[in-house]
4 protein chains.
Amino acid sequence: MLQCFASDYTQGAHPSILRALEKTNLESTSGYGTDVYCAAARDKIRAACGCPAADVWFISGGTQANLAVLGALLKTYEGVIAADTGHVSGHEAGAIELTGHKVLTLPHKNGKLTAAAAEAYIKAFYADENREHMVCPGAVYISQPTEYGTLYSLAELEALAAVCRAYRLPLYADGARLAYALGSEQNDVSLQDLARLCDVFYIGGTKCGALLGEAVVIPQPSLLPRFFTQMKQRGAVLAKGRVLGLQFDALFTDGLYYRLGENAVRMAAALADGLKAKGYAEHCPRETNQVFLLLTDAQYEALRGRVAMSFWEKPDAAHTAVRLAASWATTEEDVRNALEAF
Amino acid sequence: MLQCFASDYTQGAHPSILRALEKTNLESTSGYGTDVYCAAARDKIRAACGCPAADVWFISGGTQANLAVLGALLKTYEGVIAADTGHVSGHEAGAIELTGHKVLTLPHKNGKLTAAAAEAYIKAFYADENREHMVCPGAVYISQPTEYGTLYSLAELEALAAVCRAYRLPLYADGARLAYALGSEQNDVSLQDLARLCDVFYIGGTKCGALLGEAVVIPQPSLLPRFFTQMKQRGAVLAKGRVLGLQFDALFTDGLYYRLGENAVRMAAALADGLKAKGYAEHCPRETNQVFLLLTDAQYEALRGRVAMSFWEKPDAAHTAVRLAASWATTEEDVRNALEAF
Amino acid sequence: MLQCFASDYTQGAHPSILRALEKTNLESTSGYGTDVYCAAARDKIRAACGCPAADVWFISGGTQANLAVLGALLKTYEGVIAADTGHVSGHEAGAIELTGHKVLTLPHKNGKLTAAAAEAYIKAFYADENREHMVCPGAVYISQPTEYGTLYSLAELEALAAVCRAYRLPLYADGARLAYALGSEQNDVSLQDLARLCDVFYIGGTKCGALLGEAVVIPQPSLLPRFFTQMKQRGAVLAKGRVLGLQFDALFTDGLYYRLGENAVRMAAALADGLKAKGYAEHCPRETNQVFLLLTDAQYEALRGRVAMSFWEKPDAAHTAVRLAASWATTEEDVRNALEAF
Amino acid sequence: MLQCFASDYTQGAHPSILRALEKTNLESTSGYGTDVYCAAARDKIRAACGCPAADVWFISGGTQANLAVLGALLKTYEGVIAADTGHVSGHEAGAIELTGHKVLTLPHKNGKLTAAAAEAYIKAFYADENREHMVCPGAVYISQPTEYGTLYSLAELEALAAVCRAYRLPLYADGARLAYALGSEQNDVSLQDLARLCDVFYIGGTKCGALLGEAVVIPQPSLLPRFFTQMKQRGAVLAKGRVLGLQFDALFTDGLYYRLGENAVRMAAALADGLKAKGYAEHCPRETNQVFLLLTDAQYEALRGRVAMSFWEKPDAAHTAVRLAASWATTEEDVRNALEAF
């Protein structure tokens, strides 16, 4: 069975990452992210973000990054606004609630939280005379790209950031698949834009060519004092921190991160085009590395033994929506094999 | 400056681990620890523990393992008994308290919690007529070896386990440096003994030759239902779970884990002997891979620029205790270099 | 301005409660709910519920009862199913999330959670192959009467309880206004029914004639071991526990609790009838002690200076829904005064 | 058996409190502490504290006040420094840990935390190079009087406050028995001093003549923004908030609070003197309303059937220390009866 489109984390890491691990293997360095490779990676990320003073922290996974950041951003009595389809809303097993905070969900639009919906919610909260008995919105969560593989345009992001600033709410962007946003032909939001418009965001490694690791960027480091201790408390600090630093150092050398993103998007486009040509219907338009198909249940049953896909949802009794994800490692041959299997 | 004795996590991983990562790099596998390499590692660990039914989970670091396990073992109104020198007591930034649980500390004896002290505490709790206003002991935490590099003997462990069973308290052993216990010439506690006497324990990878990773073993898997979801909630699940499985698969192939432990212990013994021959005083007796020295402050100031050591404590105004740790990677040349620097 | 319909907690306590406090004032009793008055109240409540073995605990307020009970019922990885209009969902400032648990909201029907909606949700959860990454439903929360003053019929409650039992989920009923359910002419659910069908419920005092206090009933006491310690941890135990016991002793003497409920319902009916006769529109049908009116915004502006009402919601741009609550203390004269003010 | 010395919460409330409840019983007021009686009580407390701008909040019990205040004062990564004998350390069932915070215990001196011990601890923390892996001290907890009935002198309190200010740690005083400090002939710390030197403190009602209730005073209200919502989240807000306001209004009318304290202290002194005259040994010197006796075990066995006392501790195998507490309600006759029973 063709496995590689099941998700963008089915394979290992870009070879340059393995080379870096091997090359430095027997060097002795200090622990907990204080080594030279973490320092180098931080500098490259700061440069890429146009943010020389930013704090950059490496965390091993996305849920952990989300709970560490939101746990640090929110006061005990605050919740986080998110689209109802946001990763923190439904797919992290209640990690945010376990830190004590409600996820205040608003209806999504193509997977996105709109500035208008956020503003209406916040305004209604402040107009409600019972608001002291309610959860106070304390931050706004988005992801770029979204769970549906869609992108916030620069205009949309500017609008959302303007709402956040008007109400002094920090804006946090989950970039688990950020390479695939940056690599999209439809994208107009740069890393510098994210650093300018978000209060915290993370640059995803696990799904974008690393073995593991996410880089949390805090453009104004005074925002989250003692963040290291908070990471430690959540179990989010690796003793051999350089394992993460080395990977981001490699990803941010010679534009590798962008190239990996572009490859995945190109392969996803080829796959989507090929499937369209074969008569398959899109479940929603492809913008990044994920292709959502609308299959009849019969098609689904026939195909699922041949191609590993993610079940997405059942929009009606007779159809099944599925997701295929290209990745940094997907090859033209993988696409050809998939098209043959369909 | 000589760096490699600063801790047992200054270097990368055993070469066979890097080879395994490289060899499997472009294979597509399923995520979250459901892959064939995790399965193989689980089977090898079960065999090594003599526990064919055990649950085995891979977690990226020790603090995370401790908080995930204790968070799952303890009910909301329970605390965990530990030696006052236990890692969970003072060096995890309050991770256990952040999960809502008090660490009930008892005075240590050579870094160890004694069966007698534990039993006296538990008895006193149940005899106290105000116990319903107090934190109920819900588990016992130890580490093998301890923070002082000392070992529980089999007799000591049997005695502690007997107390735990008498009061129906699960016994949890933190094995961050377990290879160095297993590799000690003074050790009489096998993996099978741990599996027989503990309710949960973890086999440390990060400090014992892996890039990262700890293997949590639950001999009776019914003890912790839905542990995967609880790990997920704590951010303790890696999407590319195989990164951990591959490492433990390598460590438990052909007895590598034991050999790595033995090497560290042998190098530590050589270092300790050499230092004794040079007239240095031990701060406490070496049992595993860690050498604790008692230096005059003048010696400490002179040495600390030449050899990286961990400051341990100041036993009095004129002396400083330091720790030197040998590791899986320490060579005889490293020992010679250290002895020359002293 | 007429104040007494603003809520059902605007006035003090039934005179028999004040008399009991006065009569026993200088007696010395033991603390923390271990006194004879708490014991007497427990026995009367057990008798009223037909549940001689039930555990009964007194807690000072409703939010505290909800968080103490749900905090004790739910495992760390579980959430509670509730109607989106449930008190725990929106009006407790995130108290449940602060205990670490997600409120899993389902669309309400007249303020109620239907058995069909609950079952569909639970079934979908267990059918989802990603369920280990999601919040596991661990209990079901309802209130009798609901936030809209509506009542679960016995048939509805039986159906919901059947779903809960089929999936081994405890059913918890918040009875903040339970007297007004029991006193409703439309009610067919007795205290004995609640004790038979719910795993935990509480009998509200604060809003039903006491100064403060709620009585948590656990028909099978083995369900929540060490509940006292859990209450203590949440700050939910009063040193002078008899203050609560004395009140419930009075409320459950000679059927007072029922009579107070009946009075409120009769007065609410008279108010609703009078308002209907004056041409006012109901926002939803009255079933218990609360009258929901649909006013034009102009009416609302004119009335709100004369009669204290709770703003409820704005169903459209031109109308405002308000709530008037009769209580145990409402008199016919209060109703006449209100009707004159309208 | 003589019950009234078992604790200072064995009896009801001062009659003026019951009169106030009765007099206002049928008035309709707004809820949640927004009523006129709470407002009046706040003003009287502000005046007594010499703090016209202070925030004053009413909470039903001491553990709840402690967890609400410390939960609001501490950041997630902070703990609270307390004497090892402090109420939050051992007698609140882990309430502080359940809010996520470690209690950092230091050895007491006569039940007190000394400025020197606190400063040494804080200095050592900031000097420790591993401090980012440790719990950061975030507040200091004391009680006045202490668990041993001892008093901080003004000089001691000034010294402790100076340490707190030097390190920007808020100082919080638990005044569960504050009336008995204020009423002691040995006391030189006024309410105004507490308001000047502490960042938050509470004035105890439950143990000092009220049915229930503690008044939390925040001299600089900007210290704890949205404290109401945080109270609500913890279940610490009563719907009929006036029940608490009315009591503090009564206690702070015509100096009642002070008189109640003085009565208890006078009765405790008479009891202590009488027992001394009868040859009984003090376990520690009486400073406020609590008398600690050192009994032989034989004496204890003989007496415990005649006089209700609190078991305190067993200082050695042959002796038992017990506590007798006088209260606002203790009469000369009670003292005579006790002395006869001894």
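Trainee: Does Lys102(C) count as buried or exposed, and at what relative accessibility?
Mentor: Happy to start there, with the reminder that this is a predicted model, in which local features need pLDDT of at least 70, side-chain atom pairs count only at pLDDT 80 or more, and totals for chains, interfaces and linings use all residues. Residues are numbered from 1 along each chain as its sequence is written, chains are lettered from A and ligands numbered from 1 in the order in which they are written, and side-chain values use heavy atoms, with hydrogens and water left out. Buried means under 20% relative accessible area, exposed over 50%, and partly exposed in between (1.4 Å probe, protein chains only). Lys102(C) therefore counts as buried, at 14%.

Trainee: Where in chain C is the place of Lys102(C)?
Mentor: Helices (H or I, at least four residues) and strands (E, at least two) are DSSP runs, numbered from the N terminus. Lys102(C) lies in the loop between H5 and strand E3 (103-106) of chain C.

Trainee: Which residues is Lys102(C) in contact with, leaving aside its neighbours within four places in sequence?
Mentor: Contact means heavy atoms within 4.5 Å. From chain C the list holds Glu78(C), Gly79(C), Val80(C) and Val135(C). From chain A it holds Ser89(A), Glu97(A) and Val103(A).

Trainee: With which side chain does the side chain of Lys102(C) make a polar contact?
Mentor: A polar contact is a pair of N or O atoms within 3.5 Å; within protein, one must be able to donate a hydrogen and the other to accept it, and residues adjacent in sequence count only if both atoms are side-chain atoms. At 2.7 Å, the partner is the side chain of Glu97(A).

Trainee: How many salt bridges are there between chain C and chain A?
Mentor: A salt bridge is a side-chain nitrogen of Lys or Arg within 4 Å of a carboxyl oxygen of Asp or Glu. One example joins the side chains of Lys102(A) and Glu97(C) at 2.7 Å, N to O. The count between chain C and chain A is 2.

Trainee: What area is buried between chain C and chain A?
Mentor: Buried area is the accessible area (1.4 Å probe) that two parts lose on being put together, summed over both. Here 19 residues of chain C are in contact with 19 residues of chain A. Carbon and sulfur atoms give 52% of the buried area, which is about 1,500 Å². On the side of chain C, 31% of what is buried comes from the residues that lose the most, Ala93(C), Glu97(C) and Lys102(C).

Trainee: Turning to chain B, what area do chain B and chain A bury between them?
Mentor: This contact takes 42 residues from chain B and 42 residues from chain A. Carbon and sulfur atoms hold 57% of the area, and the total is about 3,800 Å².

Trainee: How many salt bridges does the rule find across the interface of chain B and chain A?
Mentor: There are 28 residue pairs in polar contact between these chains (both at pLDDT 80 or more). For salt bridges, the rule finds 0.
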